[in-house]
Amino acid sequence: MTASEENYIKVIYHLSHVSPKGVNTNAIAGMIETKASSVTDMIKKLTEKGLLIYQKYQGVNLTEHGLLTAKMIVRKHRLWEVFLVEKLQFSWDEVHEIAEELEHIKSEKLINKLDAFLGFPTEDPHGDEIPNKKGEILIIDKKLLSDGLVDKKYICIGVKDTSKEFLQYLDKQKISLGTKLKIVQKEIFDNTFTVKINDKTVTISNKIATNLYVK
């Protein structure tokens with residue numbers, strides 16, 4: 001597979017979590033930042049390779065082979081992110097773009113050795129699950145901070161938004177994986193949260209709260 005084909009498969013995999021009945025062409029085009037006609041051409045290629053099933057008016061779904069292929073691409077991406085953060089001391093807002101390039105390395109042996117070298121991690125630096133070499137994923141029980149209750153204590157275990165801007169904002173607020181949070185107050189008017197982070201009390205928007213995973 002080409003790098004472009006792999007990117008399409010990965011995008012369809014992520015979109016399928018919010019559109020399990022079928023991913024439409026416009027959604028794919030929006031993520032890839034290309035024309036719908038280009039997406040249609042790629043869908044035909046990937047369908048011919050047995051990676052996709054297209055259903056008129058419903059969109060596309062990954063075949064069993066396509067799903068495993070997507071998981072292996074995601075596996076490589078997230079393992080490289082762990083390596084970059086843990087072994088090369090990159091910050092968590094720097095690694096996504098680098099891992100986007102490294103995920104296209106074809107050597108399965110290299111990735112399996114990387115996995116072992118890292119101690120078989122189940123989560124990447126952003127709290128996202130890492131598929132094992134069989135494509136199996138250990139599901140982590142988590143909820144969004146926005147769904148949390150006042151006076152309850154939580155631990156940050158992941159982020160929904162992995163953009164550089166959001167991660168840098170969290171760094172400024174001293175929020176990272178493992179940070180202990182307590183919801184002190186929730187404003188009914190605009191869903192603004194007052195949260196105690198360690199010994200500091202801060203106000204965060206509902207947008208921030210809906211992008212933080214906690215347990």
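Let me begin with aspartate 124 and arginine 78, whose side chains meet in a salt bridge at 3.9 Å, N to O. By salt bridge I mean a side-chain nitrogen of Lys or Arg within 4 Å of a carboxyl oxygen of Asp or Glu. Aspartate 124 is in the loop between H6 and strand E3 (143-144), and arginine 78 is in helix H4 (residues 64-86), so the pair ties together parts 46 residues apart in sequence. Helices (H or I, at least four residues) and strands (E, at least two) are DSSP runs, numbered from the N terminus.

Before going further, a word on the basis. This is a predicted model, in which local features need pLDDT of at least 70 and side-chain atom pairs count only at pLDDT 80 or more, while totals for chains, interfaces and linings use all residues. Residues are numbered from 1 along each chain as its sequence is written, and side-chain values use heavy atoms, with hydrogens and water left out.

How many salt bridges does a search of the whole structure find? The search finds seven. One of them joins the side chains of lysine 106 and glutamate 6, at 2.8 Å from N to O. Lysine 106 lies in the loop between helix H5 (95-102) and helix H6 (108-117), and glutamate 6 in helix H1 (residues 3-15), so this pair ties together parts that are 100 residues apart in sequence. Glutamate 6 counts as buried, at 5% relative accessibility.

Another is formed by lysine 10 and glutamate 100, with the closest N and O atoms 2.5 Å apart. Here too distant parts of the chain are linked: lysine 10 is in helix H1 and glutamate 100 in helix H5, 90 residues apart. Lysine 10 is buried, at 8% relative accessibility, whereas glutamate 100 is partly exposed, at 26%.

Now H1 itself. Its 13 residues should span 18 Å at 1.5 Å a residue, and its end C-alpha atoms are 18 Å apart, which agrees. The expected span is 1.5 Å times one less than the number of residues. The buried residues of H1 are Glu5, Glu6, Tyr8, Ile9, Lys10, Val11, Ile12, Tyr13 and Leu15. What covers them? The cover includes helix H2 (25-32), helix H3 (36-48), strand E1 (52-55), strand E2 (59-62), H4 and H5.

Helix H4 also holds tryptophan 80 and phenylalanine 83, three residues apart, about one turn of the helix. In general, an α-helix has 3.6 residues a turn, so residues three or four places apart point the same way. The count of aromatic pairs comes to one. Rings of Phe, Tyr and Trp (its six-membered ring) pair if their centres lie within 6.5 Å; planes under 30 degrees apart are stacked, over 60 edge-to-face, and the rest tilted. Tryptophan 80 and phenylalanine 83 are edge-to-face, with 5.8 Å centre to centre and 85° between the planes. Tryptophan 80 is buried, at 9% relative accessibility.

Next, the sheet. It is an open sheet of six strands in the order E3-E8-E4-E5-E6-E7, with antiparallel pairing. E3 and strand E7 (200-204) stand at the edges with a single partner strand each, so one side of each has no neighbour in the sheet. Two strands pair if DSSP finds at least two bridges between them. Strand E6 (residues 193-197) and E7 run antiparallel and are joined by five bridges. Lysine 196 has threonine 201, in E7, as its bridge partner.

Last, two threonines in loops. Threonine 179 is in the loop between helix H7 (164-172) and strand E5 (180-186), and is buried at 7% relative accessible area. Leaving aside neighbours within four places in sequence, threonine 179 is in contact (heavy atoms within 4.5 Å) with Tyr154, Ile155, Cys156, Lys174 and Ile197.

Threonine 122 lies in the loop between H6 and E3 and is partly exposed, at 35% relative accessible area. Not counting residues up to four places away in sequence, threonine 122 touches Asp128, Glu129, Ile130 and Leu138. That is where I will stop.

Methods: Buried < 20%, exposed > 50% of the residue type's maximum accessible area, 1.4 Å probe, protein only.
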